[in-house]
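Please examine the sequence and the structure shown below.

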Amino acid sequence: MLLKPHTHNLKHLLLINISNMKSFTGFLVVLSSFVMVATAGNFYQDFDLTWGDKRAKIFNGGQLLSLSLDRVSGSGFKSKREYLFGRIDMQLKLVAGNSAGTVTAYYLSSQGPTHDEIDFEFLGNTTGDPYIVHTNVFTQGKGNREQQFYLWFDPTKNFHTYSILWDSRQIVFLVDNTPIRVFANAERKGVPFPKNQPMRIHSSLWNADDWATRGGLVKTDWSKAPFTAYYRNFNVQGSTSSRYMNGAWKSQQLDAYSRRRLRWVQKNFMIYNYCTDLKRFPQGLPVECR
């Protein structure tokens with residue numbers, strides 16, 4: 001992901017969702033370089049602080065990390081290793097108070113013009129209004145597969161777990177182990193699926209007040225800076241080789257309870273779905289949506 005990604009499409013989506021926000025009332029993998037792993041992470045050992053000077057910090061013997069944003073710069077980090085398939089868990093506590101104009105991004109990405117990418121982005125808002133959770137999937141350099149959600153809790157009060165489960169058949173986005181989105185492998189329909197390019201974990205906190213909050217109508221209030229997000233309890237389960245996908249990860253399907261939870265989230269908290277946006281795709285919805 002570029003530092004300032006996909007702003008045109010996101011601004012379009014945020015303008016669409018202004019009316020949704022007004023009506024919102026209270027609804028309110030990764031892998032180590034070993035073949036199969038299940039380990040709790042240490043930020044010193046597993047990540048590099050990549051930009052932002054001293055605005056990115058690691059505390060408590062590698063168990064806690066913070067990113068900050070001020071008028072001069074944001075900050076970010078990335079994993080030392082590349083990963084292919086498995087499950088990532090990361091607990092985040094998002095920027096509290098008036099976070100309008102800020103974006104906290106947490107995602108997997110490979111490199112190059114035909115990169116793959118799996119995105120969580122948390123779009124800040126004015127005090128009392130809900131965060132928007134923006135998700136996207138890029139395959140071979142092509143994205144435009146956005147789904148957006150409100151959360152059923154305040155993500156600034158406590159830590160919550162945001163997870164990506166990625167195998168050769170699907171990508172599942174989870175919040176506190178509740179699935180909110182499934183992106184299925186549709187290669188049989190001619191849709192590329194991310195399965196060959198190892199990815200690094202990235203996260204950043206940056207200013208995007210030209211589009212992030214109500215399509216850019218609400219700007220960052222720098223009198224509230226610095227803005228800070230916190231990370232802890234990074235955990236990895238998985239494999240770095242597709243040869244092992246038919247083993248440990250083949251059974252990672254949603255059970256009946258998880259499917260009910262997915263329907264509950266999508267019915268009550270989804271505020272944008274590219275698969276239903278006929279105005280955006282007047283020539284026909286994307287193949288995977290049909």
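Which residue of β14 does Phe-77 stand opposite? In this predicted model, Phe-77 stands opposite Ser-203 of β14. Local features require a pLDDT of at least 70 and side-chain atom pairs count only at pLDDT 80 or more, while totals for chains, interfaces and linings use all residues. Residues are numbered from 1 along each chain as its sequence is written, and side-chain values use heavy atoms, with hydrogens and water left out.

Strands here are DSSP runs (E, at least two residues), numbered from the N terminus, and two of them pair if DSSP finds at least two bridges between them.

| Pair | Residues | Bridges |
|---|---|---|
| β5 and β14 | 75-79 and 200-207 | four bridges |
| β3 and β4 | 56-59 and 64-69 | four bridges |

The strands β5 and β14 belong to an open sheet of eight strands with antiparallel pairing, in the order β2-β5-β14-β7-β8-β9-β10-β16. β2 (47-51) and β16 (270-273) stand at the edges with a single partner strand each, so one side of each has no neighbour in the sheet. Neighbouring strands of this sheet are turned by 15° against each other on average, direction ignored (axes are lines fitted to C-alpha atoms, and angles run from 0 to 180 degrees between N-to-C directions).

In the hairpin of β3 and β4, four residues lie between the strands, and Asn-60 takes a positive phi near 50°. Ala-56 has Leu-67 of β4 as its bridge partner. Six of the six residues of β4 are buried (under 20% relative accessible area with a 1.4 Å probe, protein chains only). On one side of β4 the buried residues are Leu-64, Ser-66 and Ser-68, and on the other Leu-65, Leu-67 and Leu-69.

Methods:
Buried means under 20% relative accessible area, exposed over 50%, partly exposed in between (1.4 Å probe, protein chains only).
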